[in-house]
Amino acid sequence: MANILDYLEWRGDLTLEVSPFNEVDALLLAELSFINFEGLVPPPEIGRGVRLRDAAEAYFARHESKEIDMGVLVPDKIPALLCAMASSRRFGDMLVNAFEERIDNELEQQFAAVTADLSDGSVYVSFRGTDDTLVGWKEDLNMSFLAEIPSQKQAVRYLNRVARQYAGRKLRVGGHSKGGNLAVYSAVKSAAAVQDRILAVYNNDGPGFMYDLSATAEHQRIVDRIVTIVPQSSVVGMLMQHEKNMQVVHSTYEGILQHDGFSWEVKGTQFVHLDDFSREGKLVDETIDSWSNELSPQQREALANALYEVLTATGARTLSELSGEKLKNAVSLLKSYKNLDRETRRTLAEAVKLLLRLGTKNVIEDAQAEREKETDHIRRKVEEQKQKLLGKKNEIKKKK
């Protein structure tokens, strides 16, 4: 089954003038923001940018053509994607500009964005999702109890700066995972004059918000241009208060791995769309809703802080570091957990138990519902067979 890399191989020779911008292009550009363009692409409001093929050449030269480790959360196919995009007629000559990255442990912020100046006259603002840093993971957790996280504020500032830099140009905004969340938030919170220039906002399986953003007037001004795409068993896209209108696409992976955009099946110039979520996807949504409703914002905050304290106590700063020297890290983690205050430990333990209990409850209820459906199906089949037999019996009687 084809994915976004296959799409580049098949259609990469077609410019945007020949084959207009589409949802697959939006995901490709969203994934591009995971590349560290520091020192290779100008920051916001400085210069016209550089051609993608030149930025890619410099990027691979920096890594001396060695295998590039993207970390635990980021797909390892990203460098291959950069190479394919840079080699294509569709993207190779586009200018990449306004690269910005901010990692702040004290603010608990992980933010990055890059802008693509497209050949069709539009500009695509790409926000990076969660990277390999623990602080990035912690900022994700903070979304569950903060009305606004630092990266959301930064995303609004970034979009406004790019809008000024490219005055009068039409804008597209997008991202994958947390990047999708930032794309929606920045577009909703931007000035009305900026919103008027936005062609579309692409939220690729991004998490929702602590409160219902769709209930605000500023969201209503742009809601018809928000494109939210999730796989059939989405987990991340179902978190918190999310967009009501979603497009479900087919992923070739299972469970949480469907979050990987490289697993989304492509046909022609679009993803393979489905009519609804899978049964597993609906179960995940019910479980997440149940868990969220049971935990207060204070409990979510205590849980997030406790988990982060446990993980950072190991000395690790990235998820990749946690995966190495497993025994040493595990011992450090356990010691840190024991040193947490009683109330935090209780909240942490209760939250985990609650998730397991609710998940088990939903699994049982789902299994019971499936059994009832099967029983009803069997009953209908038996009744049909019974009616057929009665019909044949009556025919025999008539013949006699």
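Mentor: Happy to! Let us begin with His 176, which sits in strand β5, residues 171-176. Strands here are DSSP runs of E with at least two residues, and helices are runs of H or I with at least four, numbered from the N terminus. This is a predicted model, in which local features need pLDDT of at least 70 and side-chain atom pairs count only at pLDDT 80 or more, while totals for chains, interfaces and linings use all residues. Residues are numbered from 1 along each chain as its sequence is written, and side-chain values use heavy atoms, with hydrogens and water left out.

His 176 is buried, because its relative accessibility is 3% (buried means under 20% relative accessible area, exposed over 50%, and partly exposed in between, with a 1.4 Å probe and protein chains only). Beyond its neighbours within four places in sequence, His 176 has contacts that include Leu 27, Phe 34, Phe 127, His 259 and Trp 264; a contact means heavy atoms within 4.5 Å.

Now for the salt bridges. The term means a side-chain nitrogen of Lys or Arg within 4 Å of a carboxyl oxygen of Asp or Glu, and the whole structure has 18 of them. One joins Glu 45 to Arg 161, with the closest N and O atoms 2.9 Å apart. Glu 45 is in the loop between α2 (23-32) and β1 (50-51) and Arg 161 is in helix α6 (residues 150-165), so this pair ties together parts 116 residues apart in sequence. Glu 45 is partly exposed at 37% relative accessibility, and Arg 161 is partly exposed at 23%.

Another salt bridge links Arg 169 and Asp 117, whose closest N and O atoms are 2.5 Å apart. Arg 169 lies in the loop between α6 and β5, and Asp 117 in strand β3 (residues 109-117), so the parts tied together are 52 residues apart in sequence. Arg 169 counts as partly exposed at 24% relative accessibility, whereas Asp 117 counts as buried at 14%. Shared partners also join salt bridges into one network made of Glu 45, Glu 100, Arg 102, Arg 161 and Arg 164.

Finally, a word on confidence. pLDDT is the predictor's confidence in each residue, from 0 to 100; the mean for the protein chain is 84, and 77% of its residues reach 70 or more. Over residues 354-368, pLDDT stays under 50, and the model has 16 contacts beyond four places in sequence for them. Where pLDDT is low, the predicted coordinates should not be read in detail.
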